[in-house]
Amino acid sequence: MDINVVTGVVGAITGLVGGVAGCVALFQTHAGNKLAKDANDSAEEANGIAADSKGIAEHANDLAGKANEIAADANAISQRALAVTADQTVYKWRVEYDGETSTVFLVNDCGNIARNVHVFVRFEDQTIAQARVDKTMPFCEIALESKFFSKQIIKDQSEIDAINSRNGFFFASIGTCRVTVHVTYTTELGSRRNTEIEQRLTNSQRH
């Protein structure tokens with residue numbers, strides 16, 4: 001056999017093998033690139049999941065913190081409700097009147113402090129005077145001045161005098177002004193209470 005033919009056959013075989021090897025290498029390179037891309041995508045997805053997990057964990061911690069705050073508030077409210085329910089503190093209020101200044105005085109006639117006190121004086125269906133104070137110390141008073149009181153007493157007295165001026169009749173009485181004093185207050189233990197006092201005012205000087 002001619003040496004040139006042999007050489008050509010060997011070269012052809014060698015080229016064919018090289019081409020096949022190149023194709024295989026190219027395929028393997030493509031497959032490797034695809035695997036690398038898939039790996040990168042998986043890594044990015046894993047990072048995203050990790051970030052989401054961190055956010056969810058932080059949100060869960062926030063919710064747990066808020067739940068603890070709510071539980072603490074509920075416990076405080078419960079404790080206060082129990083204290084208010086058990087509040088047996090006795091308060092006494094007294095009404096005095098000074099005809100010279102036409103002033104009604106509401107006296108905290110006990111040894112306890114009253115807080116957030118709202119008092120108003122009513123005659124029939126109208127409010128004549130009112131006041132609001134942050135607190136009233138033991139045995140201290142709230143003054144409510146209005147000329148209406150003295151005018152009403154004078155009016156009532158004139159009606160009595162008119163009756164007494166009639167022949168054969170005498171009505172033994174003095175002029176008064178009948179009022180209702182309403183007081184709303186908070187006790188030292190936090191109970192909210194209401195008291196109503198009816199009082200007949202007479203035009204006398206307070207001592």
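Keep in mind that the model is predicted.

I'll start with helix H2, which runs over residues 147–164.

Which residues of H2 are buried? They are Phe149, Ser150, Gln152, Ile153, Ile160 and Asn164. Looking down the helix axis, these buried residues fall within an arc of 160°, which means that they line one face of H2. Lys151 and Ile154 are on the other side of the helix, and both are exposed.

Next, the core. In soluble globular proteins, nonpolar side chains tend to be buried together. Here the largest nonpolar core has 26 residues. Those with the most contacts inside it are Trp93, Val104, Leu106, Val119, Phe149, Val181 and Leu201. As for who contributes, H2 and strands E1, E2, E3, E4, E5, E6 and E7 each supply at least two residues of this core.

Take leucine 201 as an example from that list. Setting aside neighbours within four places in sequence, leucine 201 is in contact with Tyr97, Val104, Phe149, Ile153, Gly175, Thr176, Cys177 and Val179.

Now the strands, with E3 in the middle of the story. E3 covers residues 114–123, and E4 covers 126–136. These two pair in the antiparallel sense over nine bridges. Within that pairing, phenylalanine 120 has glutamine 130 of E4 as its bridge partner. The two strands form a hairpin with two residues between them, and glutamate 124 in the turn has a positive phi of about 55°.

E3 also pairs with E6, again in the antiparallel sense, over six bridges. There, valine 119 stands opposite valine 183 in E6. Valine 119 is also one of the core residues with the most contacts.

Last item: asparagine 112, in the loop between E2 and E3. Is this residue buried or exposed? Asparagine 112 has a relative accessible area of 18%, and the cut-off for buried is under 20%, so it counts as buried. A polar atom of its side chain lies 3.1 Å from the backbone oxygen of valine 90. Beyond its neighbours within four places in sequence, asparagine 112 is in contact with Thr89, Val90, Tyr91, Thr136, Pro138 and Glu188.

That is where I'll stop.

How values were computed:
Residues are numbered from 1 along each chain as its sequence is written. This is a predicted model: local features need pLDDT of at least 70, side-chain atom pairs count only at pLDDT 80 or more; totals for chains, interfaces and linings use all residues. Side-chain values use heavy atoms; hydrogens and water are left out. Helices (H or I, at least four residues) and strands (E, at least two) are DSSP runs, numbered from the N terminus. The expected span of a helix is 1.5 Å times one less than its number of residues. Buried means under 20% relative accessible area, exposed over 50%, partly exposed in between (1.4 Å probe, protein chains only). The arc is that of the directions from the helix axis to the C-beta atoms. A nonpolar core is a set of buried Ala, Val, Leu, Ile, Met, Phe, Trp, Tyr and Cys residues joined through side-chain atoms within 4.5 Å. Contact means heavy atoms within 4.5 Å. Two strands pair if DSSP finds at least two bridges between them. A polar contact is a pair of N or O atoms within 3.5 Å; within protein, one must be able to donate a hydrogen and the other to accept it, and residues adjacent in sequence count only if both atoms are side-chain atoms.
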